[in-house]
Amino acid sequence: MKDTLPPGPRGLIGPMMKFAADPVGAHRAFAARYGDPFTLRLPGMRMMVIGDASSILQVLALPIDAFSVLDVGIEVMGVYSLVRLNGAAHSASRKQVAPLVMNPLRRNNGSIIQDIARRVYAKSTGRRVLMIEVAKRLTLHVILRSVIGILPEQEEARFAVAYAALQSKASFMLHFLPILQLDLGPWSPWGKLKRARATVDHIIAQSIEHAIYRGEEDSHPFLAIARAARESTDPALGVDALRDQLFTLLSAGHASTAQALTWAIWHVYADFKILARLREELASVGTDPDRIVRLDYLDAVCREVLRLRPIGPVIGRKLARPLDLAGRMLPEGTVIGLSVPLAHSDLTAFPEPDMFRPERYLGDNQAAKSRSIPFGGGVRHCLGANLGLTEMKLALAILVEGYDVLLSDDKLPPKHKLIDAVAGPAGGVPLVMTAR
């Protein structure tokens with residue numbers, strides 16, 4: 001390993017803190033100094049970080065059995081989480097829960113997303129709010145309806161309170177530094193996190209139990225999945241595993257979509273030309289969610305947000321067998337990090353990469369489309385990508401059509417930094433919304 005990995009910054013805490021404060025700038029600075037690829041030291045491992053497009057595509061094209069478990073954040077996500085499983089177990093678990101997220105517009109789900117957005121926005125008008133807090137309320141209720149779908153309103157509210165308490169006790173360093181993961185009682189940081197997770201687990205378990213015995217007339221896919229889990233003899237597909245998968249889907253799809261939506265709102269309302277063009281396009285299709293999500297410019301705006309402001313800056317993979325990559329023969333066990341900031345700064349695919357230009361995704365620009373990896377790719381691509389992008393489009397459309405937004409006086413964009421386990425705008429984007 002010592003001879004196969006390229007050079008990189010020394011130390012552990014310093015580079016991690018630099019990355020947390022500015023994931024895009026840190027990766028660019030590391031690549032400029034040490035080359036691409038470079039090596040980062042992480043708790044208990046070293047990661048070879050790659051930004052080269054051809055190398056990234058090579059890794060993403062590997063089959064499921066080319067990877068083994070990357071033990072990061074598993075204590076939080078659960079032993080049966082998709083992030084914990086590999087090989088056939090991973091594939092089977094993806095297949096189990098895919099019906100909950102792969103078709104975001106099934107039945108009347110698009111209208112449900114729009115209704116949730118309207119209600120959340122209406123409660124936030126006429127006063128200064130942090131957009132990230134508004135977006136988090138919106139995305140949590142959307143994903144609860146899409147994934148579980150059967151909770152009465154008071155149970156959704158109870159879950160929202162419990163999940164907010166869990167989020168308040170999590171942190172980037174707590175996720176990634178094992179030395180901090182010690183339960184020293186209910187007042188220790190890790191103890192607080194574990195007890196908050198237990199409360200959320202209890203509510204999810206009650207939801208599964210309720211779904212198992214709900215009447216057959218309800219056709220939401222969660223009911224059939226819960227009943228199949230009860231009958232399964234495979235622990236990775238049983239009720240306990242389903243609880244971990246639901247927690248994973250909720251965690252991965254809630255904060256990440258909220259941060260992306262917050263960035264989208266900042267970019268749209270910071271540029272009147274973009275706002276005007278979006279309003280003109282939206283006026284042509286009315287309120288039909290199926291037509292809205294297919295709009296070209298709206299799609300381009302959302303994809304450019306995800307390119308310029310990557311919510312998940314690194315895609316981690318651990319090799320289960322040797323691999324010849326970037327001119328190096330990497331042994332089994334090597335941890336590879338695919339750098340989303342570097343991939344999204346490739347000058348051949350993204351000229352002037354620091355500029356926010358949705359037009360780069362219009363027309364037949366295959367380079368930009370094929371080199372964008374905000375949701376990863378390959379056999380371990382983000383399962384909730386369709387739901388997240390659909391939710392982002394519909395929620396942004398409701399705001400653009402129905403509200404004027406006054407951003408804070410600072411005309412410069414907020415800093416892009418790690419917030420818990422995902423990246424987003426520092427400060428949460430303060431603004432005032434008024435109905436048009």
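Reply: We begin with burial: a residue is buried under 20% relative accessible area, exposed over 50% and partly exposed in between, computed with a 1.4 Å probe on protein chains only. By that rule Tyr 121 is buried, because its relative accessible area is 0%. This is a predicted model, in which local features need pLDDT of at least 70 and side-chain atom pairs count only at pLDDT 80 or more, while totals for chains, interfaces and linings use all residues. Residues are numbered from 1 along each chain as its sequence is written, and side-chain values use heavy atoms, with hydrogens and water left out.

Me: How many aromatic pairs does a search of the whole structure find?

Reply: Rings of Phe, Tyr and Trp (its six-membered ring) pair if their centres lie within 6.5 Å; planes under 30 degrees apart count as stacked, over 60 as edge-to-face and the rest as tilted. The search finds five such pairs. One of them joins Tyr 121 and Tyr 403, edge-to-face, at 5.8 Å centre to centre with 70° between the planes. The two partners are 282 residues apart, Tyr 121 in helix α6 (residues 109-122) and Tyr 403 in strand β9 (residues 403-407), and the pair thus links distant parts of the chain. Helices (H or I, at least four residues) and strands (E, at least two) are DSSP runs, numbered from the N terminus. Tyr 403 is also buried, because its relative accessible area is 10%.

Me: Why is the pair of Phe 159 and Tyr 163 stacked?

Reply: Their ring centres are 5.9 Å apart and their planes stand at 10°, so the pair counts as stacked. Both residues lie in helix α8 (residues 153-169), four residues apart, about one turn of the helix.

Me: Which residues have the most contacts inside the largest nonpolar core?

Reply: In soluble globular proteins, nonpolar side chains tend to be buried together. A nonpolar core is a set of buried Ala, Val, Leu, Ile, Met, Phe, Trp, Tyr and Cys residues joined through side-chain atoms within 4.5 Å. The largest one here has 55 residues, and those with the most contacts inside it are Tyr 121, Val 268, Tyr 269, Leu 396 and Leu 431. Elements that give two or more residues to this core include α6, α18, β9 and β12. Its largest share, 10 residues, comes from α12. Apart from it lies another core, of 38 residues, among them Leu 82 and Leu 151.

Me: In which sense do β9 and β12 pair?

Reply: Two strands pair if DSSP finds at least two bridges between them. β9 and β12 have five bridges and pair in the antiparallel sense. Strand β4 (residues 128-130) also runs antiparallel to β12 (residues 430-435), joined by three bridges. Val 432 in β12 stands opposite Arg 128 and is also the bridge partner of Leu 406.

Me: Where does Cys 382 lie?

Reply: UniProt positions are given in the numbering used here, with feature names shortened, and annotations may be inferred rather than shown by experiment. An unreviewed UniProt entry lists Cys 382 for "binding site". Cys 382 is in the loop between α17 (366-371) and α18 (385-402). This residue is partly exposed, because its relative accessible area is 30%.
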